[in-house]
Amino acid sequence: MSAVDTEAFLRDLYELRAIGTFKSGVHRPTYSREDMEARRWLMAKLTECGLEASIDGIGNVYGRHPGPGPHLLVGSHIESQNEAGWLDGALGVVAGIALARAGLPVDVCAFADEEGHFSLSLPGSRSMIGDLTEEAIDGARNRTDGTPLREALRAAGLEGLPRRQLEIGRYKGYYEMHIEQGTQLEEAALRLGVVTGIVAIWQWRIVVEGQQDHAGGTTMAERRDAGLSAVRLLAAIDAEFPRLVGERTTWTTGRFRLEPDAPNIIPGRAEILFQFRDVSVAVLERLEAGLRSLVQEANRRERCRITLSSVSKAVPALCDPAMMQALCAAAEALAPGAWQTMPSGAGHDAQVIARTMPASMLFVPSIGGISHHWTEDTKDEDLALGIQVLHGAAGRFLAG
């Protein structure tokens, strides 16, 4: 096993950053011209490293090591959120290139649309493990402009290509390197985070049905204001949830829409997309029970009818102890005392791959905790340390 070439690793990251540049970040939404240019760039890089490169019918780019195993799978994604950061996802894929260049027996994968531009949860990695149906692809639409996924695949030149599935028995495990997307490491003056588990996201739709009416002619006593009922419910959730949570639980109102959304009309309908996240199923179930109880109480109190429906329930993924131990040992060898174990508050392709093989993640700090924004950044020295630790851990884990 050769030493990892940190200069080539950083050079690759900056080359990829130049594709779809937006201010100091990138704009590479899935299947856009810039995204497909990045996928072609990646296939060329994988070929240079001696891997057999291909792209499949959902856009996954895969580099297969031609030699004997045991093999590791290493990857993440390379599309971006709109007008967002240059490292989110790209770091994990370029890390795979670096490990392959160093002679490790790794396959590298850039999973398509981890960022959910087509409103499917982690479709690329799910396709790779056989958990994405043709019906789901048929129904998917771009969340920004409504373009059908089938149409986007056709325009990107991917229509008709087979969708690859992983050879599950081929791999000893999966490693993913990622920016933290938070402030824990920076605030603790640490340089590395060994991830213990990846949160599950449970998403809900809350619909409040009231009565649309005139904003001036309808007295306050007569009103069935869906907007006010929705706001009171959200306030009740925010007051109750702190009594139900775990150490790192989060909850978010990601969408709040009123109909007809006009200043002179009492809203007759409100629709809310609400989510909570945790690594513990017991905590998630406790939050669900609390949410259902609060909706039930609101229906007794309010003059509007409130309904709650589940949109999606992911499964938390705990990282593999042996893979974590290899990361911890490598981190302590290269950066003694400058690392910690920590959960991931964001979802990643690793949680899908963990359903089929051991998986683990390594975090490097995000400056200011910023991600999903064009100012997202990490110091070069932290990126270089991260790839050195990942390289060391991969070698340790493969050696058993």
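Predicted model: local features only at pLDDT ≥ 70, side-chain atom pairs only at ≥ 80, totals over all residues.
Two packed helices are described by the angle between their axes and the distance between the axes. Helix H1, which spans residues 6-17, packs with helix H3, residues 90-101, at an angle of about 140°, and the axes of the pair are 9 Å apart. That angle makes H1 oblique to H3, since over 145 degrees would be needed for the pair to count as roughly antiparallel. The crossing of H1 and H3 is right-handed. On the H1 side the contact is formed by Ala 8, Phe 9, Asp 12, Leu 13 and Leu 16, which meet Ala 90, Leu 91, Val 94, Ala 95, Ile 97, Ala 98 and Arg 101 of H3. When these residues are sorted by class, the contact of H1 with H3 comprises 10 nonpolar and 2 charged residues, with no polar ones.

H1 also packs with helix H12, residues 380-399, the two axes coming within 10 Å and crossing at roughly 120°. H1 and H12 are therefore oblique to each other, and H1 passes H12 in a right-handed crossing. The residues in contact are Thr 6, Phe 9, Leu 10, Leu 13 and Tyr 14 of H1, together with Asp 380, Leu 383, Ala 384, Ile 387 and Gln 388 of H12. By class, 7 nonpolar, 2 polar and 1 charged residues make up the contact of H1 with H12.

The axes of H3 and H12 likewise come within 10 Å, and they cross at roughly 55°. H3 and H12 are therefore oblique to each other, and the crossing in which H3 passes H12 is right-handed. Leu 91, Ala 95, Ala 98 and Leu 99 of H3 form this contact with Leu 383, Ile 387, Leu 390, His 391 and Ala 394 of H12. The contact of H3 with H12 has 8 nonpolar residues and 1 polar residue, and no charged residues are found in it.

By class, the lining of the largest pocket contains 13 nonpolar, 24 polar and 13 charged residues.

Most residues other than glycine have a negative phi, and most peptide bonds are trans. Against this background, the peptide bond from Gly 69 to Pro 70 is cis, with omega near 5°, and Pro 70 is placed in the loop between strand E4 (61-64) and strand E5 (71-76). A cis peptide bond is likewise present from Glu 259 to Pro 260, where omega is near 10°. Glu 83, a residue other than glycine, has a positive phi, with a value near 50°. Glu 83 is located in the loop between E5 and H3, and H3 is a helix that packs with H1 and is crossed with H12.

Key: Residues numbered from 1 in each chain as written. Heavy atoms only, no water. Axes fitted to C-alpha atoms, helices over the stretch in contact; angles between N-to-C directions. Helix = DSSP H or I, 4+ residues; strand = E, 2+ residues; numbered from the N terminus. Parallel < 35°, antiparallel > 145°, perpendicular 65-115°, else oblique. Left-handed = near helix turned anticlockwise from the far one by under 90°. Contact = heavy atoms within 4.5 Å. Nonpolar A, V, L, I, M, F, W, Y, C, P; charged D, E, K, R; others polar.
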